[in-house]
Amino acid sequence: MTTPILQLIFLLILSPLRQLPPSKPATPTRIQLPHPLPTTLSVTDFGAIGDGIHYDTEAIQSTINSCPTTPPTKTCHVNFPPGIYLTATIHLKSNVVLNIQEGATLLGGTKLEDYPKEFNRWYVVLAENVSDVGITGGGVVDGQGLKFVMRFNERKNVMVSWNSTGACLGDECRPRLVGFIGCTNVKVWNVRLSEPAYWCLHIVQCLNTHISDVSIYGDFNSPNNDGIDIEDSNNTLITRCHIDTGDDAICPKTYTGPIYNLTATDCWIRTKSSAIKLGSASWFEFKGLVFDNITIVDSHRGLGLQIRDGGNVSDITFSNINISTRYYDPSWWGRAEPIYVTTCPRHSSSKEGSISNLQFINITANSENGVFLSGSKSGLLSNLRFINMNLTFRRWTTYAGGLVDYRPGCQGFVNHSAAGIIMEHIEGFEVENVNMRWSDYQNEPWDNPLDFRPSTVNNISFLNFHSAMYEQMK
C-alpha cells in the first residue's frame, strides 16, 4: 500500500506535459540600418583663410579628403562661408558636393604652377572617374580670365598661351574652369561660373549630368571661353541657365565616343559665336538631342551644326526658340545666320558625316543674314523640316555682308549674295507655315528668298510659305 507521499511523487513523474503550450520558433531580431545622412564640413575648420590673397588649396583639399567614404554617410557637403578662396586645382572625390555660399568666391590661380603638368587636367575644379559629385550654394567660381588677356582689343582680345611648356600647342593653352571627366551622376546647380580663361564648364565622358540654374559669364571679347562643352557624354540635362560669353555657349562635341540624349531647355544666351553648336569636333555620332524654349540675343550665330570629322547627326529637334543674330568682326566664326547647318571635311583626308532627321519647330528669328544649309557630296543633309517659323531679315550694323562662312576647314569664306535660305547638297526638305520678311537695305539687296541649284537639292516641298518686303507685311 502506497502512502500519500509516494502517490504524489508518482503523479509528478508520470503526469503528461500536455498542459504546457507547444514552443514556437524564435522570431528573428530585425536590425534597422540608419538612412544615409549628409555630412557638412567647413573649409574654415581646416584652416582656409578666405582673404583672396593667400592660397587656401591645402585647406580645401584637406576638407574634401576628410569627407567620410563609408556608410551611413552618403553626401558630404564641403562648405565655403562668405569670403574669397584663392586656390590651385582642387580634386573632388565621390559623394562630395562643393557648397559655395552666397558671398563666397572660389578663385582660380593664374600661375602655371597652380595646375597639374598635363594640359587635359588644367582646371580650377576637377573631378575624375568619380560619382555623385556636384557644385551648388549660390556663390561664384571665378577663373580670373581677364588676367590671361595679353592685349585688350574690342574686336577680339589677344590671350596668353602657355604653349612654351610643351603641354599643348597653339594659342589655346590656358586653364579651364570646371571639369568633370569620366564621372557618373554629376549635378551643378545654383552657382555662378565667371571669367574662365578658357572653357568654362566641361563635361567629358560622363553619364547622367544635371545642370540647372547656373549663370555663366565670360568676357565678351575673349576667345575660347565657351559656356558649356558636353563631350562624349550621355543623358545630359541643361535647364534654366543664363549664358553670356564671347565664344560658343552650349557646345556638344564628339572626340572619342557618341553623344546621346542631351536636352537643353529654358535658357537665355548671348555670344559672339554660336549660341548652340554641334561640333566642330565630330568624330562620332550625335543622336537624340532636344533644344527647347531658348532665347538667343545679339549673337553671331544662332543654331549651328559644324560637322567636320565624319560623325553622323540624327534625330535633333530645335523648338520654341527666339533668335536675334547680328554681324561681329569676321575674326569670329559666323555671319549672323539664325540657323547654320553644314557638313564638310575639315581636311582633305577627313571623312564627311551626314545630318538627318533635323527639325526646327516654332522658331522666330530677327537676323542680319539668312539661313545657311550646306551638305557635301558624300555628307548629305536629309529629311530637314522647318515648321511654324517667322524669319525677319534686316541690317542694323555696318559690317560688310556678301560672304558665306564655311569655317573651320572646307572652303573658308566664299563670296555670295544674301538670300533667305541658301541650300546645297540636300535630299529631302519640308517647309510648312514659314513667313519670311525682308527689309530694304540699299547697300546689300535682298532679292532672293531661296538660293539653290537643282543639281544638288532634291525632294523639297513648301506649304504655306510666304516671302515679302518688311514694309509690305506690317
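Ala, Val, Leu, Ile, Met, Phe, Trp, Tyr, Cys and Pro count as nonpolar, Asp, Glu, Lys and Arg as charged, and the others, Gly among them, as polar. The model is predicted, so that local features need pLDDT of at least 70 and side-chain atom pairs count only at pLDDT 80 or more, while totals for chains, interfaces and linings use all residues. Residues are numbered from 1 along each chain as its sequence is written, and side-chain values use heavy atoms, with hydrogens and water left out.

**Exercise 1.** Describe the lining of the second largest pocket.

*Solution.* On a 1 Å grid over the protein atoms alone, a pocket is an open set of points where a 1.4 Å probe fits, with protein on both sides within 12 Å along at least five of seven lines, and lining residues have an atom within 4 Å of a point. The space in the second largest pocket is about 230 Å³, a volume being the space filled by probe spheres set on the points, which are joined across faces, edges and corners. Its lining has 15 residues, and Gly375, Ser376, Lys377, Gln411 and His425 are the closest to the centre. By class, the lining holds four nonpolar, seven polar and four charged residues.

**Exercise 2.** Find the strands that pair with S24.

*Solution.* Strands are DSSP runs (E, at least two residues), numbered from the N terminus, and two of them pair if DSSP finds at least two bridges between them. S22 pairs with S24 in the parallel sense over six bridges, and here Gly279 has Gln306 in S24 as its bridge partner. S24 is also joined by six bridges to S26 (residues 337–343), again in parallel, with Leu305 opposite Val341 in S26.

Conventions. Helix = DSSP H or I, 4+ residues; strand = E, 2+ residues; numbered from the N terminus.
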